Amino acid sequence: LASMFSRKILLALGVAGSASAFAPAGPALRVGASKAPVLKSSAPARRPVAASLKMAETAEGFGASHTSFYTSAKAKDSYATLDEILDSKMADEGVRGITKETLAACVKITEALRVNLVTVADAQNSVFGDVQLGVDVLADDIMWDMAKTSKLVREASSEEEPVMVETSKDGRFTICWDPLDGSSIVDNNWAVGTIVGIWDKTTGMLGATGRDQVTSIVVLYGPRTTALVVCDDGVYEFTCGAGNKWFASRERIQIKQDSKIFSPANLRACQEDKGYDELVKYWMESKYTLRYSGGLVPDVYQFFTKEMGVFANPTSKESPAKLRVAFEVAPFALLVEKAGGKTSDGVTGGSCLDIKITAVDQRTAACLGSAGEVDRFNTMVLKK
């Protein structure tokens, strides 16, 4: 009786997370080769909460659903597999191969994150003086294992150790990665990710631009593991399902011209940069929804699920740009622009994809997202 009474109180208060402690174990997700994911459970059907509670009339916008931007995705009867999408939407066999190898490595990172505690690594090897965590090292080791055993990789570099390493003279691709973006928030158990840029040997990475990438991949580790991949006809999202098999959960994603979501990084720069200060105030006074975690991957990834957004990271004398072109900005910029969004290098107002990469650890300011918001950044902050 006490448990039943407690549960009724929790439901009445709308405390879904706490109420779930009284619920039976959740159903398992099952994904067939091309079948739609199906949720199956032996638990009896529940009455809708609204039907069991008498709710008083409330003001418009109750629950803030009009500013939370919940998903608009609807379940489909079937979902294409990774192989089906890549075979039909990625003509280059070599690019298909390195894409699959990268995603396979990210499955291993997923498994490592699930079972390892977040603690400081025994050995500190960051050339930047950043504190390395055990999970950083694990993720980086997994990516290096993939690169060094792959017949497709010619040379590789990691954000953890930004030097170019030849892995196979007969390989074709230059691959650069940030193995675990979000080290400062992973101990909170917040979403983090892996960012990967891939260049052909005809251009390499040094001396090339982000526009020369043959594809880029960003993997998000959250309640689910999902990946954004640039294919020939646009950006696709894949979800890691049962048996660690990937299926296409979103196809040909498009980022809208306008946005009501903002992610303002480097807010310290507002103390020096009047334009950025005014832009942030504009977003707040215009009642945009703040969605910022401090992790580049989740903060930019949301553009592809919400289909809008803007991430700004300007530079100033006291708060200089710190985003790395090869390991972070170029891969994300390719995804954003292939999905109809826009990017700014935060200095000239030009595309991040046109930044010539002259050093492995080259830094840049950046603004990415909905085209209208990037234009606003260029106008208000850069005066372009």
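In the predicted model, helix α5 contacts helix α6 through Leu 82, Asp 83, Leu 86 and Asp 87. Their counterparts in α6 are Arg 96, Thr 99, Lys 100 and Leu 103. By class, the residues of this contact comprise 3 nonpolar, 1 polar and 4 charged. Helix α5 spans residues 82-89 and helix α6 spans residues 93-115. Their axes come within 10 Å and cross at roughly 155 degrees. Angles over 145 degrees count as roughly antiparallel, so α5 is roughly antiparallel to α6. The crossing is right-handed.

From α10, the contact draws on Leu 296, Val 297, Val 300, Tyr 301, Phe 303 and Phe 304. From α11, Glu 328, Phe 332, Leu 335 and Val 336 take part. The contact of α10 with α11 has 9 nonpolar residues, no polar residues and 1 charged residue.

Strand β6 pairs with two strands, β5 and β7. The pairing with β5 (residues 173-181) is antiparallel and runs over 7 bridges. Here Trp 177 stands opposite Val 196 of β6. Strand β7 (residues 213-221) is also antiparallel to β6, joined by 8 bridges. In this pairing, Ile 195 has Val 218 of β7 as its bridge partner.

Definitions and conventions: Residues numbered from 1 in each chain as written. Predicted model: local features only at pLDDT ≥ 70, side-chain atom pairs only at ≥ 80, totals over all residues. Heavy atoms only, no water. Axes fitted to C-alpha atoms, helices over the stretch in contact; angles between N-to-C directions. Helix = DSSP H or I, 4+ residues; strand = E, 2+ residues; numbered from the N terminus. Parallel < 35°, antiparallel > 145°, perpendicular 65-115°, else oblique. Left-handed = near helix turned anticlockwise from the far one by under 90°. Contact = heavy atoms within 4.5 Å. Nonpolar A, V, L, I, M, F, W, Y, C, P; charged D, E, K, R; others polar. Pairing = 2+ DSSP bridges.
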